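Please read this report with the sequence and the model side by side. It starts with the overall make-up of the chain and then turns to individual elements and residues.

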Amino acid sequence: MLKIYNTLTRKTEEFQTLEPNLVKMYVCGVTVYNDAHVGHAMSALVFDIIRRYLEYRGYAVRHVMNYTDVDDKIIARANQLGEDPLKLSQRYIEDYARDLKALNVLPPTSTPQVSKTMPLIIQFIEGLIEKGHAYAAPNGDVYFSVTSDEDYGKLSGRKLEEMQAGARIEVGEAKTHPMDFALWKAAKEGEISWDSPWGRGRPGWHIECSAMNLAELGEQIDIHGGGNDLVFPHHENEIAQSECYTGKPFARYWVHNGMLQLGGEKMSKSMGNMVTIKQFLAKREADVMRMLVLNGTYRAPLTFNDETLDAAQKNVERLKSALRPAFASAGGLAPDSLSALTAAAETAKTNFIEAMDNDFNTAGAVAALFELSKSINAARDNGATGEQLKSAQETFRELAGVLGLRLEEKKGSGDADAFVNLLVEVRAEVRKQKLWALSDYIRDKLKELGVTIEDGKDGTQWRYS
RNA sequence: GGCGUCGUGGCCAAGUGGUAAGGCAAGGGUCUGCAAAACCCUCAUCACGGGUUCGAAUCCCGUCGACGCCUCCA
């Protein structure tokens, strides 16, 4: 039985879908105005892993991830570059999609954009006004009236009175209550804008997600996800809008990932302490970023530094070792050792599922993989044949795949293979003659060129590294 | 100030009432000409102080500390 921690109730609950075998999941994507960083990657990876696991458990998943392509920052950046804002955001949408692909994140089943949802957004706002939950201000703005929603604050656990005490809220002249937030913003001079019943303008940040949810998944959804920095105000406002509009409970489970920490602080564009996904991938393979996430708890802060990354990289290499072939000289495994290996594979699978069922305990799931890799490697060391390793390795690959790990050995272009083989052969001859200096020289130089040589009991194996 | 999450070995981290998974690092060993890889072995009483209980890292209260949100933010 799968259990998920629900931000709304602050409890871990049994997972039950609205419709049998179907999961409707909406995850807040990014605002597209510059390169995405590894913090965004963490969020994308968390929900990719959740999605993959749900599918593994037999659910069909409708995974919607939106792009915010109309926004103050986009407009500012576009003005700075002298570029059309929608062209700019489109550029970064394609860019982000490439980043995700490089990270082996499955493409969401749908990726709606604000700029393409305008009619429904306007209709949504009109509906809220009709129901008395919103009002148009004289300046052309439209605001949501927080006091019209008796549940307002239920997701983040805040009360209106307490929030006002913070005094960091700027009181817009047009608002009747300081916590009211914009559904529609009247266009300023020269800004991109759309026609509406309230004059030209553009949507506020929160309304887009309510509208796109409705368009893509309907009035009620199973899982709503995003970073925990979105709990307030974004998701709080989203619930308020959607539930006031439909009169129905909106999302069944609210799932939030913790923040990636760089230098003890949250990584963010505005803080400037960021590493972009591209910068990361230039140095490390995608599996390393994924392993970093898997090693932690998705809800907790994640430490991103050289030390944790080195460990993650080692972890990946270790897992890869389980998938290597049997030794050429393998004499076969004794029957009881073979059944022990089979049992280890079954245990790993059981433990893996048990861990993942417990609110996606990926650290526990990875531990199950490590245990299995140990069994597989020990079996190989003890002379298991390829045939004997096959079943356990297939289980291993299956489970690693659920986590989205590729575990691929690096491949060369293929052109060099024949030459490397020749060098290895020559080196074998050199070693026979005990010319160690020369033999080590070849090994060292190949290492520099990205080829790792390992001398085993029955010959030398090599691979790209 | 308010709301929330959390504090487990050198580091990352699982565990939610019965005497601490896993990984990295470290040390020892097997294998090897050496190296690497792999395998085996060693390595913590769970921030602090009270309380509940036969029994708590796990429940309750308090203290201290960290982080997130309260303003754009994955």
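## Terms and basis

Helices (H or I, at least four residues) and strands (E, at least two) are DSSP runs, numbered from the N terminus. With that convention, Lys434 is placed in the loop between helix H14 (417–432) and helix H15 (436–448).

This is a predicted model, in which local features need pLDDT of at least 70 and side-chain atom pairs count only at pLDDT 80 or more, while totals for chains, interfaces and linings use all residues. Residues are numbered from 1 along each chain as its sequence is written, chains are lettered from A and ligands numbered from 1 in the order in which they are written, and side-chain values use heavy atoms, with hydrogens and water left out.

## Overall make-up of chain A

Chain A contains 15 helices and 15 strands, and its C-alpha trace spans about 90 × 50 × 35 Å along the principal axes. Of its 465 residues, 51% are buried, where buried means under 20% relative accessible area, exposed over 50%, and partly exposed in between (1.4 Å probe, protein chains only). Contact here means heavy atoms within 4.5 Å; among contacts in chain A between residues at least 6 apart in sequence, 76% join residues at least 24 apart.

The accessible surface of chain A comes to about 21,900 Å², and 50% of this belongs to carbon and sulfur atoms; such areas come from the Shrake-Rupley method with a 1.4 Å probe, and for residues only the protein chains shown count as cover. Chain A carries 55 positive and 65 negative side chains, and the centres of the two sets lie 4 Å apart. In that count Lys and Arg are positive and Asp and Glu negative, with His and the chain ends not counted, and the place of a charge is taken as NZ of Lys, CZ of Arg, CG of Asp or CD of Glu.

## Cysteines

The structure holds zero disulfides, a disulfide being a pair of cysteine sulfur atoms within 2.5 Å. Cys28 is in no disulfide, and the nearest cysteine sulfur, that of Cys209, is 3.9 Å away. Cys28 is also buried, with a relative accessible area of 10%. The sulfur of Cys244 has its closest cysteine sulfur in Cys209, 17 Å away, which is too far for a bond, and Cys244 likewise counts as buried, at 11% relative accessibility.

H1 is mostly covered, with 17 of its 19 residues buried, and is followed by Gly58, whose phi is positive, near 100°.

Helix H3 (residues 85–102) has 18 residues and reaches 26 Å from its first C-alpha to its last, close to the 26 Å expected. Its buried residues include Leu88, Tyr92, Asp95, Tyr96 and Asp99. An α-helix has 3.6 residues a turn, so residues three or four places apart point the same way. The buried residues of H3 pack against helix H1 (38–56), strand E4 (60–65), helix H2 (72–81) and helix H8 (277–283).

## Backbone details

Most residues other than glycine have a negative phi, and most peptide bonds are trans. A cis peptide bond joins Phe232 and Pro233, with omega about 5°, and Pro233 lies in helix H7 (residues 231–246). Asn104, which is not a glycine, has a positive phi of about 65° and sits in the loop between H3 and helix H4 (118–130). Lys434 also has a positive phi, near 55°, and is exposed, with a relative accessible area of 58%.

## Selected positions

Tyr26 belongs to strand E3 (residues 22–27) and counts as buried at 0% relative accessibility. Leaving aside neighbours within four places in sequence, Tyr26 is in contact with residues including Val64, Cys209, Met212, His224 and Glu238. The C-alpha atoms of Tyr26 and Ser110 are separated by 9.5 Å, although the two residues are 84 residues apart along the chain.

Ala311 is in helix H10 (residues 306–322) and is partly exposed, with a relative accessible area of 38%. Ala311 and Val288 are 23 residues apart in sequence and 9.0 Å apart in space, C-alpha to C-alpha.

Note on methods: Expected span 1.5 Å × (residues − 1).
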